[in-house]
Amino acid sequence: MFVHNGALTHIGRWLEQKKGHVVSLRSPISISLYTNLAVTFCVAAIAILAAFRAVDMAVERAAREDISREIAIMLDRASERNTIPDTAILTTNIGRRMFTENAEEGGWVYLLAGFEGGAIVGNAKRIPQLQTDIWTEVTGQDLGITAGPVLVRIVSVEGDHRLLVGRRLTARQSLIAWFLPILAISVLMLSGLSSLLLWNLNQRFRRKVQAFNQVFQSVESGELGARMPTTTRAALDDDLGVLGHHVNKALDEVERLLRGLESYSQVAAHELNHSITNLRDRLSDKGETEGAKQADQLIELVTHILELAKIEATPGFAMQTIKLADVVTSALELYSESFDEMAVSIDVNIEDADAQILGSKPLIESALINLLSNALKHAPRGSKVTVSMVRDGKRVGFVVRDHGPGVKSTELGALAALGRAGDSGGHGFGLRHVEAVAIRHGAQLKLENAAPGLKASLFFRLS
């Protein structure tokens, strides 16, 4: 039966470890989701800036080429006629471009001005004070025309005149007004789509993780029949589905072994109880009282084993949230008469009456009763036994201390083999029973010499 308790505990611990590992797998997907959003926004910003810079450079390069070509054509035409001044030919050419070619609609800006800056002809009102043969970007207000960026170049004509030829950067404005927003919206839509897919994957993953957790918690609480839902073919389409399938197969085998061991333990306990009872009756009939007494002790031992097997096998005793103070109160009420008969008082101290743990109330109560029984057997008449319920951080438990002779060794194995006072081994089993309950609940059993007496503590994790 103790193998059964130990197996259940090791399984519970293994499941708890697996549960922690599965839950930790949720982090990479969540991180991937957030990373995808961050990277997408960064890529979108970089793409928008790169596209803006590339198109802006292309627009400016094209505008420079057009302006250079236009200046070259106008100046070449002026030099062809030696009888007519260059300024006269430029005036005619500018007038033709302004009125016959709709320079304004094409984004062209012209101005022929004297050296002092006075305008002679052109669609610009004034010429800015800029160096010649230098590319400059100005605004429409600087030229006395409608607002907007204009790329201009000024060249000298006949030494005392200046020719300004410019081109509006309308392509850049179109880029800002249409291309960049469309690019940004497209990138954000792709980001939203990929994030939605990742979010959907994350939700599906979390649902499966929650299913794993529910199965692990159910098994840990004693429901050995809990399984992952893998009845459909779709449930096996991913790695978690395959993992759930293998976990179910492993739990099936564990349940089969434990049920078999449980059944065998109960049958063996019943048969052993029956055989020892017959032996005791025969010894009593022959007047061998000492042998009959030892047989009674064996019957008590087998009865304890059988009771523990029944508690473990009964579904009604599955783990549930309980108040440890209620267990302490209930056990003291059941055992108070025994203390009165032995003239031993009980000093009770409960620090946190509302502390809750996940456990089986009958098992924990039986463990406390065993500790009270051991304390009572070795407490001198007129002394007292102290029962304290103590909270220590994330743990809570009870401490039972008597004022008896104490023990030479607090090792549980030695106590179980030799007995505390060297008489019967019954209380040795009692401590083994307490140890089995502690293992079943993942609790910690500690025995200490209290000088005088023995102090036994059993601490559980808070729920």
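A charge sits over a ring if NZ of Lys or CZ of Arg is within 6 Å of the ring centre and within 35 degrees of the ring normal. Here the charged end of arginine 395 sits over the ring of phenylalanine 459, 4.6 Å from its centre. This is a predicted model, where local features need pLDDT of at least 70, side-chain atom pairs count only at pLDDT 80 or more, and totals for chains, interfaces and linings use all residues. Residues are numbered from 1 along each chain as its sequence is written, and side-chain values use heavy atoms, with hydrogens and water left out.

**The whole chain**

- The chain holds twelve helices and twelve strands. Helices (H or I, at least four residues) and strands (E, at least two) are DSSP runs, numbered from the N terminus.
- Of its 463 residues, 40% count as buried. Buried means under 20% relative accessible area, exposed means over 50%, and partly exposed is in between (1.4 Å probe, protein chains only).
- The accessible surface of the chain is about 24,900 Å², and 56% of that belongs to carbon and sulfur atoms. Such areas come from the Shrake-Rupley method with a 1.4 Å probe; for residues, only the protein chains shown count as cover.
- Take the contacts between residues at least 6 apart in sequence: 66% of them join residues at least 24 apart. Contact means heavy atoms within 4.5 Å.

**Helix α9**

- Helix α9 covers residues 324-341, which makes 18 residues. From first C-alpha to last, α9 reaches 27 Å, close to the 26 Å expected at 1.5 Å a residue. The expected span is 1.5 Å times one less than the number of residues.
- A kink of about 45 degrees in α9 is centred on tyrosine 335. The bend at a residue is the angle between axes fitted to the seven residues ending there and the seven starting there.
- Buried residues in α9 include Leu324, Val327, Val328 and Leu332.

**Aromatic pairs**

- Rings of Phe, Tyr and Trp (its six-membered ring) pair if their centres lie within 6.5 Å; planes under 30 degrees apart count as stacked, over 60 as edge-to-face and the rest as tilted.
- The count comes to four aromatic pairs. One of them is stacked: tryptophan 108 and tyrosine 110, at 6.0 Å centre to centre and 15 degrees between the planes. Both tryptophan 108 and tyrosine 110 are buried.
- Tyrosine 335 and phenylalanine 339 form an edge-to-face pair, 5.8 Å centre to centre with 75 degrees between the planes. These two residues are four apart in helix α9, so about one helical turn separates them.
- Tyrosine 335 counts as buried because its relative accessibility is 17%. Phenylalanine 339 is buried too, with a relative accessible area of 1%.

**Glycine 166**

- Glycine 166 lies in strand β5, residues 161-168. Its relative accessibility is 0%, so glycine 166 counts as buried.
- Leaving out residues up to four places away in sequence, glycine 166 touches several residues, among them Ile67, Trp108 and Val150.
- Arginine 64 is 102 residues from glycine 166 along the chain, yet their C-alpha atoms are separated by 8.9 Å.

- Aspartate 133 has a positive phi, near 60 degrees, and is not a glycine. Aspartate 133 lies in the loop between β2 (119-122) and β3 (136-139). At 46% relative accessibility, aspartate 133 counts as partly exposed.
- Alanine 343 is not a glycine either, but has a positive phi of about 55 degrees. Its place is the loop between α9 and β7 (345-350). With 35% relative accessibility, alanine 343 counts as partly exposed.
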